[in-house]
Amino acid sequence: MNRQDNISARALELLRKFYGYRSFRPGQREIIEAVCSGRDAVVLMPTGGGKSLCYQLPALLGDGCAVVISPLIALMEDQTAALVSNGIPAAAIHSGRNEADNRTAIEAAAAGRVKLLYVSPERLLADLDTWPSRLPISLIAVDEAHCISQWGHDFRPVYTQLSVLKEQFRSVPVMALTATADRLTRDDITTQLGLRDPLRWVGSFDRPNLSLKVYAGATKKRRIEAIVNMIRRYPNDSGIVYTLSRAGAEEIDEALRRMGMRSCVYHAGMNADDRARAQRAFTNGDVQAVCATVAFGMGIDKSNIRWVIHNNLPANIESYYQEIGRAGRDGMPAETILFYSVQDLITRRHFIDDSGRPGIAGEKLEWMQRYAESTVCRRRVLLSYFGETAEHDCGNCDVCLDPPSRFDGTVLVQKAGSAILRTDSQVGIFMLTDILRGSARAELRRRGFDRIKTYGAGRDLPQEHWNAYIAQMIQLGLFEIAFDDSNRLRVTPYGMRVIRGEARVELSLYVAPQRGKTGRQKAEQRQITSDPTEQLFEQLKAVRKAEADRTGVPAYVVFSDATLTDMARRRPRTIDELLQVSGVGERKSVRYGKRFIGAIRKFEGLGATMPQGTTYKETLILHNAGVPLGEMAQIKGVSVETIKGHIARLIDEDMITNFASYISRSEYETINDLYRTNPEGAAKILSEDYPGGTIRIARAIYNYNQRRKQDNG
Ligand code: ADP
Ligand code: ZN
């Protein structure tokens, strides 16, 4: 075997043992091999692509400790909790912990007892002269590396100082990982971190499990209905509603709660305690929805978010993609909706104009608009933005699933266009709809718009239809918005030709949000689930919630939805079978196995208790995983003495032959010497100095050695 094969084989073994996964995701193997042979790497993968494993496995394979730089405390905490529950020694150092804990973590790392040390960039840089130089650092991973670039959308000045790392730790491989980086940002990451000939991995941005929907022109009421519908479809899961403003978040939250939904708000205007509380409620699954500004999410590592809804148009495709990407990280189906309105487009434009950096931001917004108004497969638009070409329609976006029906919209254009002309191009989209719908609004009457010929000419269509159609007319280039002139609408020369009857125009038929075909079908499927696998899945979710509460970790740290789905399909009845489930590593099989297997056995009409002998078999799994005695007891929730009993029995049955860690040589000799000289009295005398379990182990080893002698003699 050459070196690379060797690395891969060992990495695969650890992947199975600690994480319970059987194969690598695209890119993971290549990246792990490169980093393990000392090479720098830039890893660009979408959220949920599996970036964490790309540095966690090299950390496990390497000597010493990997330092992971992460911008957010919550993220560090979640990651360490997940690692520890898989049996991987990890720790975090940051301002949210007290200094004694931080010092303990550093000492443990310096002593080689920590494989992954998470640290905030501020902290690492401030301490650079003290503890980092004492650590046996095997690897440095810079997470959310796009924060280093001013070109990116999430620039953090402190990141630019990380260039010192490559200077100070010359021989340590440095990895940069991010889910969002265009070309410019990517090159910037490499230069600024001073990476040398890094492996560049650009993963596919396709997230086929995310369904994409855009609804144009929906009224407030309609939006709330759609959100409530979504919540009802996933009553036991949670999702995120993103809004542009704090007030918007609060308004939706109130509306949802009035309708009996469990919801909370999150935005930067809240104090740190309230924000932490909201985040916890979300992570623990205590709320069904969090209504938030973009301040929410960076630190969210929850893999079972089933939906994300944008109440407003995001500023660019990167942000949009990152935000919807928080749904379905476990690879299971998840839904997204974007509510689109021309008004939002106008607001965004003004943000950009006020920012003084119109060029790039303006272009990015145009892409966002192109996506929102697309009449071709939306995923193809998204992927082309990231420089990928998709050869086929995705079949999982609203355009693919519900292709817009086209109709002759010439008359609508003529009505709207002549209304614009008759007001001398003095109105924006709101006033225009009001004129067409014949509103009696005071301002409209004051300006005399109720006397123009097209007043009320579009009364037959509801407001949201008009909103959507006017948006299309703008997109088609019939009208334009004068951003520099109070956002008034103007008719273009092309629009004039249509008004004069010299050209005809097709529009896409408006579809109201919750009447989307796919949504309704899914809702029906979910409500009456007679599928037994689905039923079992729901029961396993309840077990997961109970186990999460019992062990004090978030539900997704126990098992992901993908793991529960696989479990519901395979229905393991023993620990061995449980280990076959994707996402069940050795520790978790023992820590959580009993209750999940119990639920499955009950579901199958069998006795809820596992077959005889399962419990000492679990101990064997832990023994093989190299777990120390005390930790075995803690994982299994029994006493150390009980575990020692299992060990003795396993030695008796020749299932354990490397037992040196369970007893010292002198204990072994003292105990067995006494048995030789005083076989009758030994047990009683020894029991004063040694726990029963230790005596049993000593005797088991003695017998084992006797058996070996016989075999050899
Ligand atoms: P990212 O950091 O890129 O957003 P994560 O590393 O959090 O993604 O991985 C997303 C999910 O995919 C996690 O639940 C993780 O356990 C799972 N995952 C990662 N690698 C694999 C793999 N090789 N096989 C199965 N699941 C995986
Ligand atoms: Zn599509």
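Helices (H or I, at least four residues) and strands (E, at least two) are DSSP runs, numbered from the N terminus. You are touring a predicted model, in which local features need pLDDT of at least 70, side-chain atom pairs count only at pLDDT 80 or more, and totals for chains, interfaces and linings use all residues. Residues are numbered from 1 along each chain as its sequence is written, and side-chain values use heavy atoms, with hydrogens and water left out.

Start by selecting D424, in the loop between helix 17 (410-422) and helix 18 (429-437). Its phi is near 65°, a positive value in a residue other than glycine. D424 has a relative accessible area of 60%, so it is exposed (exposed is over 50%, buried under 20%, partly exposed in between, with a 1.4 Å probe and protein chains only).

Next, pick S486, in the loop between strand 15 (479-482) and strand 16 (488-491). Here too phi is positive in a non-glycine residue, near 55°, and S486 is exposed at 53% relative accessibility.

Now go to strand 8 (residues 210-216): 6 of its 7 residues are buried, so the rest of the structure largely encloses it. Look for S211, whose bridge partner in strand 13 is E335.

Finish at helix 11. Select A278, Q279, A281, F282 and T283, its buried residues. Among the elements covering them are helix 4 (73-85) and strand 9 (238-242), with contact meaning heavy atoms within 4.5 Å.

Conventions: Chains are lettered from A and ligands numbered from 1 in the order in which they are written. Two strands pair if DSSP finds at least two bridges between them.
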